[in-house]
Structure formats: C-alpha cells, structure tokens
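Hello,

Here is the structure you are taking over. The notes on what was found in it follow below.

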Amino acid sequence: MRIEINDAFAGKTLKQLLQLELRFSTKMIKYLKYRPDGMTVNGKRKTVRYVLQKGDLLELATEDAEASPKLRAVKLPLEILYEDDDLVVPVKPANMPTHPSHDHYDDTVANALAYRYERDGIPFVFRPINRLDRNTSGLLLIARHKAAAGILTKAMQQGRIQKKYLAILDGEMPPTEQGRIDACLHRTAKSIIVREVCSPDAPDADPSVTEYRVLAAMNGHTLVEAAPITGRTHQLRVHFSYLGYPITGDDLYGAPSKAIDRHALHARSLSFPLPSTDEEITLTAPLTEDFAKLLEAYFPDHPLLTERILSL
C-alpha cells in the first residue's frame, strides 16, 4: 500500500494515520512494526512515532509474504469486475463454489484467484468478505491482505457493505412496492446444511431480515430485487420459500425447473468502502446467460434485458 502524504495527513504521527485514518487494528499495526519492510517513508524504515511531512511517500507492506500452502492454483475462467492493491471483486459463475470443500478441491473461485496471482508472482491468501452458494452467481468481495480484510470485516459489521440480489420466484406476488421478511432461521434437525424458519425463542435462532421489492409479476413468476440485511446461510432461499414463493429452480427449498438448471439467484450489486480511502463505491454485475434467458421467457419486455443487450 502506497500513500503520498498531503496536507490532511501532514503533521500526524504514523500511528495516528494507521489508527484513525486507515483504521488498522492494533494487531495489524504490530505486524507492520515488527516486519523489516513493514513501514517505510521515502524508502527508509520508520517507527510509529514518526511525524509525517507533506510530500512523504509512505509504503506499508500489507501484502502477504507467502501464499496459502494448501490452496491449489488452477487455471479457470473467472471474470474480474474490479481490482486494486487491497481487494478484488470477481463475478462468480453458477456451478462454481466460492472456496474448496469436500469434493470441490480445485474448481473454486479461490483456486482461480490463486492461479491468477501465482502467474503474476504475487503471494495470495484467500480472504472472502462475503460468500455465495455454489449455484448462486454474482459478485464476491475478496480482501487481498490482512489489513484490508480487517477494515472490510469491520465495515460489514457496521452495515456499510450492502448487497442486492435479483431473484426469479415461482408464483406471482402481489404488485406491492416493497416488503420485509423478519423471520429467524436455524439448522433443521436432520441436516447441517438445510435451514428453516424457527421461533425467535429457539435456542439456536439466528435473527434474519430480508428487504425486497417486486420488479415484475406475470406468467406465473415474480422478479424481485432483494437485500439481505443479515447474512445467514441460504437466507434468501429460505425466506422466499417461507412466503410461499420459492426461488425458481431451487430443488432444496422449492422445486427443480426445466427452464434453468440451478436456482435463479444472482448477486447483482455490491456497495462497500475502499480500504485505503474510505470512498464508497457500487459495482453491478452483468446478468448471466441462463438468468437472462429465464428473464426473457417470463418477463420479455423488462428493461433489464435491454441493459444486457447494451453490455454485450
């Protein structure tokens, strides 16, 4: 991470900059302090007591020194929507897991990113800020070093990272402007994967809130934009099934579909603060081909289809 010291930062100690402006944790500052190349100003190592001067070039060795030893680098197609020194935002295709797990050791987003950075000679540790189910497509936010991971995790806890999904549902919802689902979730008794709505008094109840708005309802289906206020496993899938409108193609909480071979859920929009500047940015993922075809079949005149044509 490189920062050129301007009037706003001049006169502050290095510690003040790291704590107050960059929001580094005490643990991260200690890591930089004891790393030989951790903190340098104009090419010379400095302590946290150094007073910054206008025009100084501050360099922080936030990158990882070594890659994850157990993460295999595999050449896989993966679109990158945004990337800087602190983070990377890939567009995850459907049928690609986010990270390695049982029976999926070399076909994940983590494997693809490991290959990308190994090719460029950059050590890479996989630090996802959000995750998506294997068959959910769309945007993932991945930190590229410890400091960025800490800042983004804190931003997530503060509600500063906002996610919006597109979902196509079975059944036609009433054409209301918007709705809110406030229903606790927990694991079912028979599975460690499957979730269900439960009483708030259940000992393992996780408060779960989803906000949504209906974009279209016709031909026996509904198109919604959904924002998970909480981030529980399978939250959107369970919540819409609970309402009686399961996501099309969801064979776990609804029914399979002949029109699409996965659940029709796409993580379309992601808003978050940049770790280095705290500037808020919003990214929007293009529609996947299978989602666009389903959209055209059920909502042939929807503006989202025109948007996809213009992006091709």
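Asp-278 counts as partly exposed, because its relative accessibility is 29%. This is a predicted model, and every value here is computed from it. The side chain of Asp-278 meets that of Arg-160 in a salt bridge, with 3.0 Å from N to O. The two residues are 118 apart and link distant parts of the chain: Asp-278 is in the loop between β16 and β17 (280–284), and Arg-160 is in the loop between α4 (146–157) and β10 (162–170). Arg-160 is partly exposed as well, since its relative accessible area is 24%.

Other salt bridges

The whole structure has 15 salt bridges according to the search. One of them joins the side chains of Arg-116 and Glu-83, at 2.5 Å from N to O. This pair also links distant parts of the chain, with Arg-116 in helix α3 and Glu-83 in strand β5, 33 residues apart. Arg-116 counts as partly exposed because its relative accessibility is 23%. Glu-83, at 30% relative accessibility, is therefore also placed in the partly exposed class.

A further salt bridge is formed by the side chains of Arg-262 and Asp-290, at 2.9 Å from N to O. Here the distant parts are the loop between α5 and β16, which holds Arg-262, and helix α6 (residues 289–298), which holds Asp-290; the two are 28 residues apart. Is Arg-262 buried or exposed? Arg-262 counts as buried, because its relative accessibility is 2%.

Helix α3

Helix α3 covers residues 109–119, and its buried residues are Val-109, Ala-110, Asn-111, Ala-112, Leu-113, Ala-114 and Tyr-117. What do the buried residues of α3 pack against? They pack against three strands, namely β5 (79–83), β6 (87–92) and β9 (142–143). In an α-helix there are 3.6 residues a turn, so residues three or four places apart point the same way.

The N-terminal end of α3 is capped by Thr-108, which has a side-chain oxygen 3.3 Å from the backbone nitrogen of Ala-110. After the helix comes Gly-121, with a positive phi near 75°.

Ser-208

Ser-208 lies in the loop between β13 (195–197) and β14 (209–218). Ser-208 is buried, because its relative accessible area is 0% and the cut-off for buried is under 20%. A polar atom of the Ser-208 side chain lies 2.9 Å from the backbone oxygen of Asp-206. Leaving out residues up to four places away in sequence, Ser-208 touches Ile-181, Asp-182, Ala-183, Cys-184, Leu-185, Thr-230, Arg-232, Gln-235 and His-239.

Positive phi values

Most residues other than glycine have a negative phi. Asn-219 has a positive value, near 55°, and is not a glycine. Asn-219 is placed in the loop between β14 and β15 (221–228). With a relative accessibility of 46%, Asn-219 counts as partly exposed.

His-234 is not a glycine either, and its phi is positive at about 60°. The loop that holds His-234 runs between β15 and α5. His-234 is buried, because its relative accessible area is 10%.

A four-stranded sheet

In what order do the four strands of the open sheet run? The order is β1-β4-β2-β3, with antiparallel pairing. At the edges are β1 (2–4) and β3 (44–45), each of which pairs on one side only. Two bridges connect β3 with β2 (residues 39–41) in the antiparallel sense. Val-41 stands opposite Lys-44, which is in β3.

A nonpolar patch

On the surface, Ile-192, Ile-193 and Leu-252 form a nonpolar patch, and together they have about 310 Å² of accessible area. Leu-252 sits in the loop between α5 (235–243) and β16 (265–273). Leu-252 counts as partly exposed, because its relative accessibility is 39%.

Regards

How values were computed:
Residues numbered from 1 in each chain as written. Predicted model: local features only at pLDDT ≥ 70, side-chain atom pairs only at ≥ 80, totals over all residues. Heavy atoms only, no water. Patch = residues over 30% accessible without salt bridge, like charges linked within 9 Å, V, L, I, M, F, W, Y side chains within 5 Å. Areas by Shrake-Rupley, 256 points an atom, 1.4 Å probe, with all protein chains shown as cover. Salt bridge = Lys/Arg side-chain N within 4 Å of Asp/Glu carboxyl O. Buried < 20%, exposed > 50% of the residue type's maximum accessible area, 1.4 Å probe, protein only. Pairing = 2+ DSSP bridges. Polar contact = N/O pair within 3.5 Å; in protein donor to acceptor, adjacent residues only side chain to side chain. Contact = heavy atoms within 4.5 Å.
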